[in-house]
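My notes follow the model below.

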Amino acid sequence: MKRIFSGIQPTGEIHIGNYVGAIKQWVELTEEYDCIYCVVDYHAITIEYDIETLKQRTINTGLILLACGLSPDNSKIFVQSHVPEHTELTWIFNCVTPIGELERMTQFKDKARQHRENINMGLMDYPVLQAADILIYKAGYVPVGEDQVQHIELSREIARKFNSRFGKIFPEPQAILSQAPRILGVDGVNKMSKSMNNYIGLLEDKETIWEKLRTAVTDVNRVRRTDPGTPELCNIYTIHTAFSKNEVLLEIDKGCRSASIGCIDCKKTLFQNMMKELDPIREKAEALKKDENYVKDVLINGAKACSEIAKKTMEEVRSGLGLFWP
Ligand code: TYM
């Protein structure tokens, strides 16, 4: 069975960009693939973070993944730092990764701009740790949002470089994108992200979600209700593609282009369809909050299973490198 790996940072509050760009397809892919999903706490410490809440945010992120439909029956779910082989392999990959490649990573440049006071080595090395996450399980496919594609390409390059020097151990992983791989924030300009504060939280209450949707920027060229709109230029339409059925999308497309429906009508339909999908997730999350020990057990057992795979890969890697090992 082909293997999938993907990861998410423990921000604690997952937004609909994460859901639509990644998690929704993580759940779908469990039907066909051997899936491993990881809460990447070591990635989260590359920027300033709140030490007091990291532990709870990590558990909450696992909880949300379970609420979205992942389970120990369909995938392995675990916390990155529980399998220290990830960081061990990172060191080895560091020795085949050109610094120039890391300097040109878009995410590094963006984050270095945002965190000028703390441009640390971890921030730069972030994609190498990401490559180690994927390759330690020899995963061939990585479901991610568009912003991560450059990192997956680097993982391929690292695998190629390693294999050509030390023997063919790793596959060259490919990104799998969802049908809506880039969701903009409610500002309609920047990528939806927690740090931009332009997000709709997956578990936010209905009133808050509606208020954020109601005021969200649509097609900026559609100024008056009577102006025809262009769905492909509208972030709300992109979100529709993730939550609404094809026949609804066709109606919205036609209505928007002919100005027979307004943006608020379109948003109301989206809100209804979103809630159909998010209500059960919210309910499941509430139930899981009452049983946090279950969530912790899932994560701990997931790490045990992943450790076994990671240890085997490291044996091959050490042997390829020519290390003396007892
Ligand atoms: P993170 O936590 O930033 O994002 C988790 C996933 O959500 C996707 N995503 C989006 N998709 C569409 N529109 C958006 N606005 C949006 N915002 C976020 C991201 O593309 C991602 O798929 N570096 C990874 C974490 C990671 C990882 C890995 C991923 C660590 N190791 C190995 C894959 C494989 C990240 O940025 O997560």
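Ground rules. This is a predicted model, where local features need pLDDT of at least 70, side-chain atom pairs need pLDDT 80 or more, and totals for chains, interfaces and linings use all residues. Residues are numbered from 1 along each chain as its sequence is written, and side-chain values use heavy atoms, with hydrogens and water left out.

Cavities. I found three of 30 Å³ or more. A cavity is a set of points, on a 1 Å grid over the protein atoms alone, where a 1.4 Å probe fits but cannot get out; a pocket is an open set with protein on both sides within 12 Å along at least five of seven lines; lining residues have an atom within 4 Å of a point.

Second largest pocket. I noted a volume of about 160 Å³. Its lining has 15 residues, and Cys234 is one of those nearest its centre.

Ligand. I listed 26 residues around the ligand (a heavy atom within 4 Å). I then checked polar contacts (N or O pairs within 3.5 Å). Asp147 puts a polar side-chain atom 2.4 Å from a ligand oxygen. Tyr126 has a polar side-chain atom 2.8 Å from a ligand nitrogen. A polar backbone atom of Gln9 is 2.8 Å from a ligand oxygen.

Definitions and conventions. Points joined across faces, edges and corners; volume = space filled by probe spheres on them. Polar contact = N/O pair within 3.5 Å; in protein donor to acceptor, adjacent residues only side chain to side chain.
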